[in-house]
Amino acid sequence: MLALQDLVALDAAVTHAFSTGDASGLEVLGYGEISAVVACVSGGQSWACKRLPPFPGRADADRYSALFDEYLATLQARGVKVVPSMLQRLARDDGSVVIYCVQPLLLAERLAVQILKRSSELEARALFEAVCGRIIAAVSPQVGIDGQLSNWVVDGDDVAMLDVTTPMLKDAAGRNRLDMELFLAAVPPPVRPLFRRYVVPSVVDKYHDPRGVTVDLIANLTKEGLESHIGPFLQIANRRLSQPIDAVEVRRYYAGDARVWTAWQALRRCDRFVRLNLLGQPYPFLLPGRIERHAAAGVNSGQRDGEQVDE
Ligand SMILES: Nc1ncnc2c1ncn2[C@@H]1O[C@H](COP(=O)(O)OP(=O)(O)O)[C@@H](O)[C@H]1O
Ligand SMILES: [Mg+2]
(Lines give C-alpha, C1' and ligand atoms only; values in the text may rest on other atoms or scores of the structure.)
(Ligands and ions follow the chains in the order given, each with its own letter.)
Protein backbone atom coordinates (compact mmCIF):
# COMPACT_ATOMS: atom_id res chain seq x y z
CA MET A 1 0.00 0.00 0.00
CA LEU A 2 1.26 3.50 -0.79
CA ALA A 3 1.77 6.09 1.96
CA LEU A 4 -0.84 8.81 1.55
CA GLN A 5 1.67 11.49 0.58
CA ASP A 6 3.10 9.22 -2.12
CA LEU A 7 -0.37 8.51 -3.48
CA VAL A 8 -1.11 12.24 -3.55
CA ALA A 9 2.18 12.93 -5.36
CA LEU A 10 1.56 10.13 -7.85
CA ASP A 11 -1.94 11.41 -8.51
CA ALA A 12 -0.62 14.94 -9.06
CA ALA A 13 1.79 13.58 -11.68
CA VAL A 14 -0.97 11.53 -13.33
CA THR A 15 -3.35 14.50 -13.28
CA HIS A 16 -0.63 16.66 -14.86
CA ALA A 17 -0.24 14.05 -17.60
CA PHE A 18 -4.01 14.07 -18.15
CA SER A 19 -4.13 17.83 -18.62
CA THR A 20 -1.08 18.05 -20.88
CA GLY A 21 -1.33 14.71 -22.70
CA ASP A 22 2.35 14.27 -21.81
CA ALA A 23 3.15 11.16 -19.74
CA SER A 24 6.94 11.59 -19.87
CA GLY A 25 7.10 12.26 -16.09
CA LEU A 26 5.60 8.84 -15.34
CA GLU A 27 7.04 5.37 -15.53
CA VAL A 28 4.31 3.59 -17.44
CA LEU A 29 4.52 -0.20 -17.04
CA GLY A 30 1.85 -1.06 -19.54
CA TYR A 31 -1.10 0.27 -21.49
CA GLY A 32 -4.35 -1.65 -21.76
CA GLU A 33 -7.55 -0.95 -23.66
CA ILE A 34 -8.64 1.60 -21.07
CA SER A 35 -6.13 2.35 -18.36
CA ALA A 36 -2.39 2.51 -17.94
CA VAL A 37 -0.34 1.08 -15.08
CA VAL A 38 2.29 3.33 -13.54
CA ALA A 39 5.22 2.45 -11.24
CA CYS A 40 5.65 4.22 -7.91
CA VAL A 41 8.03 3.79 -4.95
CA SER A 42 6.64 4.13 -1.44
CA GLY A 43 7.88 2.87 1.93
CA GLY A 44 11.01 1.50 0.28
CA GLN A 45 8.95 -0.77 -2.00
CA SER A 46 7.97 -0.56 -5.64
CA TRP A 47 4.32 -0.64 -6.60
CA ALA A 48 2.25 -0.87 -9.75
CA CYS A 49 -0.68 1.56 -9.68
CA LYS A 50 -3.65 1.68 -12.03
CA ARG A 51 -5.92 4.71 -11.88
CA LEU A 52 -9.47 3.67 -12.60
CA PRO A 53 -11.96 5.79 -14.51
CA PRO A 54 -13.32 8.58 -12.26
CA PHE A 55 -16.19 7.82 -9.90
CA PRO A 56 -18.88 10.52 -9.69
CA GLY A 57 -19.41 10.09 -5.94
CA ARG A 58 -18.77 8.01 -2.85
CA ALA A 59 -21.72 5.70 -3.38
CA ASP A 60 -20.41 4.70 -6.83
CA ALA A 61 -16.92 4.15 -5.41
CA ASP A 62 -18.34 2.04 -2.55
CA ARG A 63 -20.38 -0.10 -4.93
CA TYR A 64 -17.36 -0.65 -7.17
CA SER A 65 -15.11 -1.52 -4.19
CA ALA A 66 -17.59 -4.10 -2.88
CA LEU A 67 -17.87 -5.73 -6.32
CA PHE A 68 -14.08 -5.70 -6.72
CA ASP A 69 -13.67 -7.53 -3.38
CA GLU A 70 -16.34 -10.03 -4.37
CA TYR A 71 -14.67 -10.61 -7.74
CA LEU A 72 -11.30 -11.33 -6.15
CA ALA A 73 -12.91 -13.72 -3.66
CA THR A 74 -14.90 -15.42 -6.46
CA LEU A 75 -11.83 -15.96 -8.62
CA GLN A 76 -9.91 -17.40 -5.69
CA ALA A 77 -12.81 -19.64 -4.72
CA ARG A 78 -12.85 -20.94 -8.31
CA GLY A 79 -9.15 -21.74 -8.21
CA VAL A 80 -7.62 -18.64 -9.79
CA LYS A 81 -4.83 -17.03 -7.79
CA VAL A 82 -4.82 -13.25 -7.86
CA VAL A 83 -1.87 -10.88 -7.46
CA PRO A 84 -2.31 -9.07 -4.10
CA SER A 85 -4.36 -6.02 -5.07
CA MET A 86 -5.82 -3.23 -3.02
CA LEU A 87 -7.84 -0.16 -3.79
CA GLN A 88 -6.69 3.22 -2.50
CA ARG A 89 -8.88 6.28 -2.74
CA LEU A 90 -8.56 10.01 -2.96
CA ALA A 91 -11.62 12.18 -2.44
CA ARG A 92 -11.91 15.30 -4.57
CA ASP A 93 -13.39 18.64 -3.43
CA ASP A 94 -16.18 18.29 -5.98
CA GLY A 95 -17.33 15.03 -4.35
CA SER A 96 -15.90 12.74 -6.99
CA VAL A 97 -13.56 9.92 -6.01
CA VAL A 98 -10.36 8.69 -7.62
CA ILE A 99 -9.42 5.06 -7.05
CA TYR A 100 -6.08 3.44 -7.69
CA CYS A 101 -5.63 -0.31 -7.78
CA VAL A 102 -2.24 -0.88 -6.15
CA GLN A 103 -0.19 -4.08 -6.46
CA PRO A 104 3.41 -4.96 -5.64
CA LEU A 105 5.54 -4.28 -8.71
CA LEU A 106 6.18 -7.68 -10.28
CA LEU A 107 9.55 -8.44 -11.80
CA ALA A 108 9.26 -8.37 -15.58
CA GLU A 109 10.70 -11.88 -15.74
CA ARG A 110 7.67 -13.22 -13.86
CA LEU A 111 5.18 -11.91 -16.43
CA ALA A 112 3.78 -14.73 -18.55
CA VAL A 113 4.46 -12.82 -21.79
CA GLN A 114 8.14 -12.43 -20.90
CA ILE A 115 8.46 -16.04 -19.77
CA LEU A 116 6.93 -17.37 -22.97
CA LYS A 117 9.44 -15.37 -25.01
CA ARG A 118 12.31 -17.43 -23.65
CA SER A 119 10.75 -20.77 -22.77
CA SER A 120 11.31 -24.13 -24.39
CA GLU A 121 8.36 -25.79 -26.10
CA LEU A 122 7.87 -28.00 -23.05
CA GLU A 123 7.85 -25.04 -20.65
CA ALA A 124 5.50 -23.13 -22.93
CA ARG A 125 3.07 -26.06 -22.92
CA ALA A 126 3.16 -26.31 -19.14
CA LEU A 127 2.46 -22.58 -18.83
CA PHE A 128 -0.42 -22.76 -21.27
CA GLU A 129 -1.88 -25.86 -19.56
CA ALA A 130 -1.95 -23.84 -16.34
CA VAL A 131 -3.56 -20.75 -17.89
CA CYS A 132 -6.07 -22.74 -19.92
CA GLY A 133 -7.00 -24.90 -16.92
CA ARG A 134 -7.60 -21.84 -14.76
CA ILE A 135 -9.74 -20.17 -17.41
CA ILE A 136 -11.91 -23.21 -18.03
CA ALA A 137 -12.40 -23.84 -14.31
CA ALA A 138 -13.29 -20.26 -13.46
CA VAL A 139 -15.26 -18.80 -16.37
CA SER A 140 -19.02 -19.24 -16.33
CA PRO A 141 -22.15 -17.31 -17.35
CA GLN A 142 -21.80 -15.51 -13.99
CA VAL A 143 -18.01 -15.07 -13.90
CA GLY A 144 -15.99 -13.40 -16.65
CA ILE A 145 -12.22 -13.14 -17.13
CA ASP A 146 -10.01 -11.30 -19.58
CA GLY A 147 -7.59 -14.18 -20.02
CA GLN A 148 -5.08 -12.57 -22.40
CA LEU A 149 -1.51 -13.60 -21.70
CA SER A 150 -0.57 -10.05 -20.65
CA ASN A 151 -2.87 -10.49 -17.64
CA TRP A 152 -1.03 -13.46 -16.10
CA VAL A 153 2.06 -13.79 -13.98
CA VAL A 154 3.84 -17.06 -13.23
CA ASP A 155 3.70 -18.10 -9.60
CA GLY A 156 5.72 -21.27 -8.97
CA ASP A 157 4.02 -24.08 -10.92
CA ASP A 158 0.85 -22.05 -11.17
CA VAL A 159 -0.23 -18.73 -12.66
CA ALA A 160 -1.94 -15.74 -11.07
CA MET A 161 -4.09 -12.99 -12.59
CA LEU A 162 -2.88 -9.43 -12.41
CA ASP A 163 -5.62 -7.62 -14.34
CA VAL A 164 -8.59 -7.69 -11.97
CA THR A 165 -10.04 -4.18 -12.13
CA THR A 166 -12.96 -5.08 -14.37
CA PRO A 167 -15.07 -7.26 -12.05
CA MET A 168 -17.04 -9.13 -14.65
CA LEU A 169 -19.81 -10.66 -12.58
CA LYS A 170 -23.38 -11.21 -13.76
CA ASP A 171 -26.47 -11.91 -11.72
CA ALA A 172 -28.63 -15.02 -12.15
CA ALA A 173 -30.69 -13.20 -14.79
CA GLY A 174 -27.54 -12.52 -16.83
CA ARG A 175 -27.31 -8.79 -16.07
CA ASN A 176 -23.90 -7.17 -15.55
CA ARG A 177 -23.43 -6.27 -11.92
CA LEU A 178 -20.67 -3.81 -12.79
CA ASP A 179 -21.87 -0.36 -13.79
CA MET A 180 -20.53 -0.28 -17.34
CA GLU A 181 -21.12 3.49 -17.52
CA LEU A 182 -17.94 3.95 -15.48
CA PHE A 183 -15.91 2.34 -18.23
CA LEU A 184 -17.90 4.00 -20.99
CA ALA A 185 -16.35 7.26 -19.74
CA ALA A 186 -13.31 6.13 -21.75
CA VAL A 187 -15.38 6.16 -24.93
CA PRO A 188 -15.74 9.42 -26.90
CA PRO A 189 -19.27 10.76 -26.29
CA PRO A 190 -20.52 10.62 -29.91
CA VAL A 191 -19.98 6.87 -30.15
CA ARG A 192 -20.96 6.00 -26.60
CA PRO A 193 -24.49 4.80 -27.51
CA LEU A 194 -22.99 2.47 -30.10
CA PHE A 195 -20.57 1.03 -27.57
CA ARG A 196 -23.27 0.74 -24.91
CA ARG A 197 -25.58 -1.15 -27.23
CA TYR A 198 -23.21 -3.36 -29.24
CA VAL A 199 -19.56 -3.36 -28.19
CA VAL A 200 -19.87 -3.76 -24.41
CA PRO A 201 -22.33 -6.68 -24.52
CA SER A 202 -20.32 -8.60 -27.12
CA VAL A 203 -16.99 -8.10 -25.31
CA VAL A 204 -18.48 -8.95 -21.92
CA ASP A 205 -20.32 -12.03 -23.22
CA LYS A 206 -17.15 -13.31 -24.86
CA TYR A 207 -15.36 -13.07 -21.51
CA HIS A 208 -18.08 -15.14 -19.83
CA ASP A 209 -17.55 -18.04 -22.20
CA PRO A 210 -14.46 -20.28 -21.72
CA ARG A 211 -14.16 -20.78 -25.46
CA GLY A 212 -14.45 -17.04 -26.17
CA VAL A 213 -11.77 -16.22 -23.57
CA THR A 214 -9.50 -18.89 -25.07
CA VAL A 215 -9.93 -17.69 -28.68
CA ASP A 216 -9.13 -14.14 -27.54
CA LEU A 217 -6.07 -15.35 -25.62
CA ILE A 218 -4.64 -17.51 -28.42
CA ALA A 219 -5.36 -14.98 -31.18
CA ASN A 220 -3.67 -12.19 -29.25
CA LEU A 221 -0.43 -14.16 -28.95
CA THR A 222 0.23 -12.62 -32.35
CA LYS A 223 0.15 -9.15 -30.77
CA GLU A 224 2.99 -10.20 -28.48
CA GLY A 225 5.03 -11.73 -31.29
CA LEU A 226 4.33 -15.22 -29.90
CA GLU A 227 2.41 -16.66 -32.85
CA SER A 228 4.74 -19.69 -33.07
CA HIS A 229 2.89 -21.00 -29.99
CA ILE A 230 -0.55 -20.84 -31.57
CA GLY A 231 -0.49 -24.39 -33.02
CA PRO A 232 0.58 -26.20 -29.84
CA PHE A 233 -1.76 -24.07 -27.71
CA LEU A 234 -4.73 -24.87 -29.94
CA GLN A 235 -4.05 -28.57 -29.37
CA ILE A 236 -4.04 -28.09 -25.61
CA ALA A 237 -7.18 -25.95 -25.63
CA ASN A 238 -9.05 -28.32 -27.93
CA ARG A 239 -8.45 -31.23 -25.57
CA ARG A 240 -10.45 -29.30 -23.00
CA LEU A 241 -13.15 -27.57 -25.05
CA SER A 242 -16.26 -29.27 -26.39
CA GLN A 243 -16.29 -27.12 -29.54
CA PRO A 244 -12.77 -27.02 -31.00
CA ILE A 245 -11.05 -23.86 -32.24
CA ASP A 246 -9.08 -23.89 -35.47
CA ALA A 247 -6.25 -21.75 -36.81
CA VAL A 248 -8.46 -20.03 -39.39
CA GLU A 249 -10.87 -18.81 -36.71
CA VAL A 250 -7.92 -17.52 -34.67
CA ARG A 251 -6.41 -15.63 -37.62
CA ARG A 252 -9.73 -14.11 -38.59
CA TYR A 253 -10.41 -13.10 -35.01
CA TYR A 254 -7.02 -11.42 -34.66
CA ALA A 255 -7.38 -9.49 -37.91
CA GLY A 256 -10.75 -8.17 -36.73
CA ASP A 257 -9.43 -7.40 -33.27
CA ALA A 258 -6.41 -5.52 -34.66
CA ARG A 259 -8.72 -3.36 -36.84
CA VAL A 260 -11.00 -2.57 -33.92
CA TRP A 261 -8.01 -1.73 -31.72
CA THR A 262 -6.55 0.66 -34.29
CA ALA A 263 -9.92 2.38 -34.75
CA TRP A 264 -10.40 2.51 -30.98
CA GLN A 265 -7.04 4.22 -30.40
CA ALA A 266 -7.65 6.70 -33.25
CA LEU A 267 -11.04 7.56 -31.77
CA ARG A 268 -9.55 8.13 -28.35
CA ARG A 269 -6.83 10.37 -29.74
CA CYS A 270 -9.48 12.48 -31.46
CA ASP A 271 -11.43 12.65 -28.22
CA ARG A 272 -8.31 13.71 -26.35
CA PHE A 273 -7.54 16.37 -28.95
CA VAL A 274 -11.05 17.80 -28.69
CA ARG A 275 -11.09 17.78 -24.89
CA LEU A 276 -7.56 19.18 -24.41
CA ASN A 277 -7.36 21.68 -27.25
CA LEU A 278 -10.91 22.71 -28.09
CA LEU A 279 -12.75 22.35 -24.81
CA GLY A 280 -9.78 23.10 -22.51
CA GLN A 281 -10.60 20.08 -20.34
CA PRO A 282 -8.26 17.38 -19.05
CA TYR A 283 -8.41 14.00 -20.75
CA PRO A 284 -8.54 11.51 -17.86
CA PHE A 285 -6.65 8.64 -19.51
CA LEU A 286 -3.12 7.96 -20.68
CA LEU A 287 -2.80 6.77 -24.25
CA PRO A 288 0.09 4.81 -25.67
CA GLY A 289 2.39 6.77 -27.95
CA ARG A 290 3.97 4.42 -30.39
CA ILE A 291 2.25 1.13 -30.89
CA GLU A 292 3.67 -1.96 -32.41
CA ARG A 293 1.22 -4.66 -33.03
CA HIS A 294 2.30 -7.75 -34.87
CA ALA A 295 0.16 -8.75 -37.80
CA ALA A 296 -1.41 -12.16 -38.15
CA ALA A 297 0.60 -14.13 -40.70
CA GLY A 298 -1.36 -14.48 -43.90
CA VAL A 299 -3.87 -11.81 -42.97
CA ASN A 300 -1.82 -8.73 -43.69
CA SER A 301 1.10 -9.02 -46.06
CA GLY A 302 4.19 -8.46 -43.89
CA GLN A 303 5.52 -9.66 -40.58
CA ARG A 304 4.30 -6.50 -38.95
CA ASP A 305 1.28 -4.58 -40.01
CA GLY A 306 3.17 -1.32 -39.76
CA GLU A 307 0.58 0.02 -37.37
CA GLN A 308 2.85 2.51 -35.70
CA VAL A 309 1.44 5.69 -34.38
CA ASP A 310 3.56 8.58 -33.30
CA GLU A 311 2.30 11.19 -30.91
N1 LIG B 1 1.80 -5.45 -10.62
C2 LIG B 1 2.41 -5.26 -11.79
N3 LIG B 1 3.76 -5.36 -11.88
C4 LIG B 1 4.40 -5.18 -13.06
N5 LIG B 1 3.78 -4.89 -14.21
C6 LIG B 1 2.44 -4.79 -14.19
C7 LIG B 1 1.68 -4.96 -12.98
N8 LIG B 1 0.38 -4.79 -13.27
C9 LIG B 1 0.32 -4.53 -14.59
N10 LIG B 1 1.55 -4.53 -15.15
C11 LIG B 1 1.87 -4.32 -16.58
O12 LIG B 1 0.91 -3.44 -17.14
C13 LIG B 1 0.14 -4.13 -18.16
C14 LIG B 1 -1.31 -3.64 -18.12
O15 LIG B 1 -1.88 -3.97 -16.87
P16 LIG B 1 -3.35 -4.53 -16.75
O17 LIG B 1 -3.68 -4.67 -15.30
O18 LIG B 1 -3.47 -5.74 -17.59
O19 LIG B 1 -4.17 -3.31 -17.33
P20 LIG B 1 -5.27 -3.16 -18.45
O21 LIG B 1 -6.58 -3.19 -17.75
O22 LIG B 1 -4.98 -1.81 -18.98
O23 LIG B 1 -5.10 -4.28 -19.44
C24 LIG B 1 0.32 -5.61 -17.81
O25 LIG B 1 0.13 -6.44 -18.94
C26 LIG B 1 1.74 -5.65 -17.31
O27 LIG B 1 2.66 -5.67 -18.38
MG1 LIG C 1 -4.68 -6.26 -19.17
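Analyst: In this predicted model, residues 24 or more positions apart account for 63% of the contacts in the protein with a separation of 6 or more, two residues being in contact if their C-beta atoms, placed from the backbone, lie within 7 Å. Local features need pLDDT of at least 70 and side-chain atom pairs count only at pLDDT 80 or more, while totals for chains, interfaces and linings use all residues. Residues are numbered from 1 along each chain as its sequence is written, and chains are lettered from A and ligands numbered from 1 in the order in which they are written.

The protein has 9 helices and 8 strands, taken as DSSP runs numbered from the N terminus, helices (H or I) of at least four residues and strands (E) of at least two. An open sheet of 5 strands runs in the order E1-E2-E3-E6-E5 with antiparallel pairing, where two strands pair if DSSP finds at least two bridges between them. Strand E1 (28-31) and strand E5 (86-91) stand at the edges, each with a single partner strand, so one side of each is left without a neighbour in the sheet. Neighbouring strands of this sheet are turned by 30° against each other on average, direction ignored, with axes being lines fitted to C-alpha atoms, for helices over the stretch in contact, and angles running from 0 to 180 degrees between N-to-C directions.
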